[in-house]
Amino acid sequence: MVIITPPIAPAIDVKTFWKTLGERATGMTVVTADSDEGPTGFLGLSASHVAADPATMLVSIDRKTSALAGVLSRRHFAVNFLPADAAGVADAFAGKAGLAGAARFVDGEWTKLVTGAPIYKHALGVFDCAVADVIERGSISIVIGTVVGATARGDGEPLIYFRGKTYTALGGAG
C-alpha cells in the first residue's frame with residue numbers, strides 16, 4: 001500500500017491569525033497560581049476544556065508571561081470565569097491598570113480551593129487544576145491540568161471578549 005501525503009501549506013501570517021481568532025467570542029478568564037513571589041496570574045483567553053472524564057483543562061501561556069514560572073514551579077493553576085462586573089479585574093490581569101504581580105490581587109477578593117492557586121470569590125465558575133503535562137509549541141507552553149476542585153455560582157452574566165473589545169454580559173460593550 002502506498003500512502004500519499006499531501007504537501008503542507010505554509011502557515012498563515014500572525015496578523016491574519018489574530019484577526020480571524022477575534023471573530024470568536026470568548027468568556028474572559030483569569031488564570032492564577034501561587035508562586036515563590038506570591039500570587040500570580042494573567043488574562044487567559046485561551047483557557048479551554050480537554051475532557052470531562054477525567055476532568056481536564058488546558059491553558060496556553062506565552063513564555064514571556066511572568067505567571068508561567070509560578071504555574072510550573074508549584075504545578076497548579078486555577079481558571080476563573082469572570083462575571084460581567086469584573087472588567088476591572090480583567091484589565092488588571094491584562095496589564096491595562098498599571099498593576100503587576102501580587103498587586104493585582106485585591107485583599108478580600110480571593111480565596112483558595114484545593115491546590116493553593118488563588119480563586120476569585122466572585123467568579124461565575126472556577127476550575128482548580130494540578131499540572132499533568134506541558135507541551136512546548138512555538139513561543140507558548142500548553143499547560144494541561146487535571147481538575148481537582150471546582151465551583152460554579154449558577155447565576156450571573158459573563159464578561160465576554162469579541163473583536164478586541166470587552167462586553168459586559170450579553171449586552172453592549174463595556
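Guide: This is a predicted model. Let's start at P54, which sits in the loop between β4 (48–52) and β5.

Visitor: What joins D53 and P54 there?
Guide: A cis peptide bond, with omega at about 5°. For background, most peptide bonds are trans.

Visitor: Now a buried-or-exposed one: how do you class T32?
Guide: Buried means under 20% relative accessible area. T32 has 1%, so it counts as buried. You'll find T32 in strand β2 (residues 29–35).

Visitor: What makes the pairing of T32 and N80 a polar contact?
Guide: Their side chains come to 3.3 Å, and the cut-off for a pair of N or O atoms is 3.5 Å. Setting aside neighbours within four places in sequence, T32 also has contacts that include F77, F105, W110 and P118.

Visitor: Which element gives the largest share of the lining of the largest pocket?
Guide: That's α1 again, with four residues. β3 (38–43), β5 (55–62) and α3 (87–93) each supply at least two. The lining has 34 residues, and F17, W18, L21, L45 and S46 lie nearest the centre of the pocket. The space inside is about 1,000 Å³.

Visitor: What classes of residue make up that lining?
Guide: There are 17 nonpolar, 10 polar and seven charged residues.

Visitor: What is there to note about the phi of R75?
Guide: Phi is near 60° in R75, a positive value in a residue other than glycine. Most residues other than glycine have a negative phi. R75 lies in the loop between α2 (67–74) and β6 (76–81).

Visitor: Why does R163 count as exposed, then?
Guide: Exposed means over 50%, and R163 has a relative accessible area of 52%, so it qualifies. R163 has a positive phi too, about 50°, although it is not a glycine. Look for R163 in the loop between β11 (159–162) and β12 (165–168).

Notes. Residues numbered from 1 in each chain as written. Predicted model: local features only at pLDDT ≥ 70, side-chain atom pairs only at ≥ 80, totals over all residues. Heavy atoms only, no water. 1 Å grid on protein atoms, 1.4 Å probe; cavity = no way out; pocket = protein on both sides within 12 Å on 5 of 7 lines; lining within 4 Å. Points joined across faces, edges and corners; volume = space filled by probe spheres on them. Nonpolar A, V, L, I, M, F, W, Y, C, P; charged D, E, K, R; others polar. Buried < 20%, exposed > 50% of the residue type's maximum accessible area, 1.4 Å probe, protein only. Polar contact = N/O pair within 3.5 Å; in protein donor to acceptor, adjacent residues only side chain to side chain. Contact = heavy atoms within 4.5 Å.
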